[in-house]
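I'll jot things down as I look them up.

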Amino acid sequence: MKLILAVLVLVLVIETQAQWHQYPGQAIEGAKDMWRAYQDMKAANHKFSDKYFHARGNYDAARRGPGGKWAAKVISDGREAFQVLTRRGYSDAEADQEANRWGRNGGDPNRYRPKKLPDNY
């Protein structure tokens with residue numbers, strides 16, 4: 001019985017430790033997803049599309065795994081905190097954060113998609 005318990009604990013420890021190396025890669029790829037969504041938002045230059053791109057960036061990053069979800073949260077929270085501190089977009093910050101959380105938690109970004117936004121976004 002002790003041997004079975006020891007083997008089970010060893011397997012769990014090895015499996016847990018085997019996953020740690022994926023976290024930084026997920027975070028880097030998640031940050032790239034956030035950057036891509038930002039670049040697309042700038043390129044689209046479409047009225048009322050920022051919530052869609054917030055949700056999409058967070059959604060794409062979170063799909064990378066725990067590291068991507070972490071990167072999306074850090075980037076989103078940092079951006080909103082900076083805007084609040086500089087008093088630019090303060091009234092819009094909570095709505096942006098709602099879109100961030102929606103995408104990060106697996107919600108469909110198209111919920112925020114504005115009409116007439118080109119299909120390539």
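Predicted model: local features only at pLDDT ≥ 70, side-chain atom pairs only at ≥ 80, totals over all residues.

**Helix packing notes**

Residues are numbered from 1 along each chain as its sequence is written, and side-chain values use heavy atoms, with hydrogens and water left out.

Helices here are DSSP runs (H or I, at least four residues), numbered from the N terminus. I looked up the H2 and H4 axes next: they come within 6 Å and cross at roughly 45°. Axes are lines fitted to C-alpha atoms over the stretch in contact, and angles run from 0 to 180 degrees between N-to-C directions. That angle makes H2 oblique to H4 (under 35 degrees is roughly parallel, over 145 roughly antiparallel, 65 to 115 roughly perpendicular, the rest oblique).

Who touches whom? On H2 I found Tyr23, Gln26, Ala27, Gly30, Ala31 and Met34, and on H4 the list includes Trp70, Ala71 and Ile75. Contact means heavy atoms within 4.5 Å. By class, I got nine nonpolar, five polar and no charged residues for H2 with H4. Ala, Val, Leu, Ile, Met, Phe, Trp, Tyr, Cys and Pro count as nonpolar, Asp, Glu, Lys and Arg as charged, and the others, Gly among them, as polar.

**H2 with H3**

I then checked H2 (residues 22-44) against H3 (residues 50-62): their axes come within 8 Å and cross at roughly 160°. That makes H2 roughly antiparallel to H3. This crossing is right-handed. Gly30 and Met34 of H2 turn up in the contact, and Phe53 and Arg56 are among the H3 residues. I read off six nonpolar, three polar and six charged residues.

**H3 with H4**

H3 and H4 pack at about 150°, with axes 7 Å apart. They are therefore roughly antiparallel to each other. Their contact includes His54 and Asn58 of H3, plus Ser76 and Arg79 of H4. I wrote down three nonpolar, four polar and four charged residues.

**The largest pocket**

Which residues lie nearest the centre of the largest pocket? I found Met34, Tyr38, Met41, His54 and Arg79, out of 15 lining residues. H2, H3 and H4 (66-85) each give two or more residues to the lining.

Terms used: Left-handed = near helix turned anticlockwise from the far one by under 90°. 1 Å grid on protein atoms, 1.4 Å probe; cavity = no way out; pocket = protein on both sides within 12 Å on 5 of 7 lines; lining within 4 Å.
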